[in-house]
Amino acid sequence: MNAQLRPALVIFALLSVVTGLAYPLMVTGIAQATMPDQANGSLISDQGKTVGSSLIGQNFSEPQYFWGRPSATGPMAYNGNGSSGANLGPTNPALLDAIKARVEALKKAHPGQAGSIPVDLVTASASGLDPHISIAAAQYQLERVSAVRKLSSDKVSKLLVENTEGRQFGVFGEPRVNVLKLNIALDQQYPLAK
């Protein structure tokens, strides 16, 4: 038995050191050297204070801000620890009721808006934490944000264009807007009177 126990313990200790210490340290070192922003959570700062991550949506509900996609995390919205989809099928009455309620809330917040509501304003993403909205979703909210901030829609539209991210690697996905970055830019360039 001793003949089998000693090699097993040696292999266990060796693999523990390699997979538990050496490999994680190597990966962390490479990540810090090649992409430190992403390795540290893609954090966003505003006036020296960390306000969020460019990878996780935030809950904006005030009319002076652009709103992001609905969150599917529970029990608290936009909870990074609870990332998951709603797992409701397209014919599930709970999903249909939630979408109807979101549509009504958006129509109430945008009474003069004609046309259909962009789907990303009424449905959650697969993770429930998507920080981006489509350009159409941002444009849908443009008049509301402009009116509340008492700005011309041209000024807010220009800011929206400046904060539009292109396709990943110029090929993948659609152009999109990071809601947190756009709202920070709004506050920096056009702060609300207090």
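Reply: Accessible areas come from the Shrake-Rupley method with a 1.4 Å probe, and for residues only the protein chains shown count as cover. A salt bridge here is a side-chain nitrogen of Lys or Arg within 4 Å of a carboxyl oxygen of Asp or Glu. This is a predicted model, where local features need pLDDT of at least 70 and side-chain atom pairs count only at pLDDT 80 or more, while totals for chains, interfaces and linings use all residues. Residues are numbered from 1 along each chain as its sequence is written, and side-chain values use heavy atoms, leaving out hydrogens and water.

Me: OK, which residues form the nonpolar patch on the surface?

Reply: Tyr23, Met26, Val27 and Ile30, with about 400 Å² of accessible area together. Val27 sits in helix α1, residues 2–34. Helices (H or I, at least four residues) and strands (E, at least two) are DSSP runs, numbered from the N terminus.

Me: How does Val27 count for accessibility?

Reply: Partly exposed, because its relative accessibility is 37%. Buried means under 20% relative accessible area, exposed over 50%, and partly exposed in between (1.4 Å probe, protein chains only).

Me: Switching to α4. Where does it bend?

Reply: At Gln141, by about 40°. That bend is the angle between axes fitted to the seven residues ending there and the seven starting there.

Me: And how far apart are its end C-alpha atoms?

Reply: They are 20 Å apart, which agrees with the 21 Å that the 15 residues of α4 (135–149) should span at 1.5 Å a residue. The expected span is 1.5 Å times one less than the number of residues.

Me: What do the buried residues of α4 pack against?

Reply: They pack against α3 (93–109), β3 (132–134), α5 (153–162), β5 (176–178) and α6 (179–189). Contact means heavy atoms within 4.5 Å. Among the buried ones are Ala137, Tyr140, Leu142, Val145 and Arg149.

Me: Lys150 first: buried or exposed?

Reply: Lys150 counts as exposed because its relative accessibility is 75%. Ser42 is at 4%, so Ser42 counts as buried.

Me: Now salt bridges. How many does a search of the whole structure find?

Reply: Six. One of them joins Arg69 and Asp130, with the closest N and O atoms 3.6 Å apart. That pair links distant parts of the chain, 61 residues apart: Arg69 is in the loop between β2 (49–53) and α3, and Asp130 in the loop between α3 and β3.

Me: What does Arg149 meet in a salt bridge?

Reply: Asp187, at 2.8 Å from N to O. Arg149 is in helix α4 and Asp187 in helix α6, so the pair ties together parts 38 residues apart in sequence. Arg149 is buried at 7% relative accessible area, while Asp187 is partly exposed at 26%.

Me: And Glu174, what's its partner?

Reply: Arg167, with 3.4 Å from N to O. Elsewhere, salt bridges that share partners join Glu165, Arg176 and Lys181 into one network.

How values were computed:
Patches are made of residues with over 30% relative accessible area and no salt bridge: like charges are joined within 9 Å, nonpolar side chains (Val, Leu, Ile, Met, Phe, Trp, Tyr) within 5 Å.
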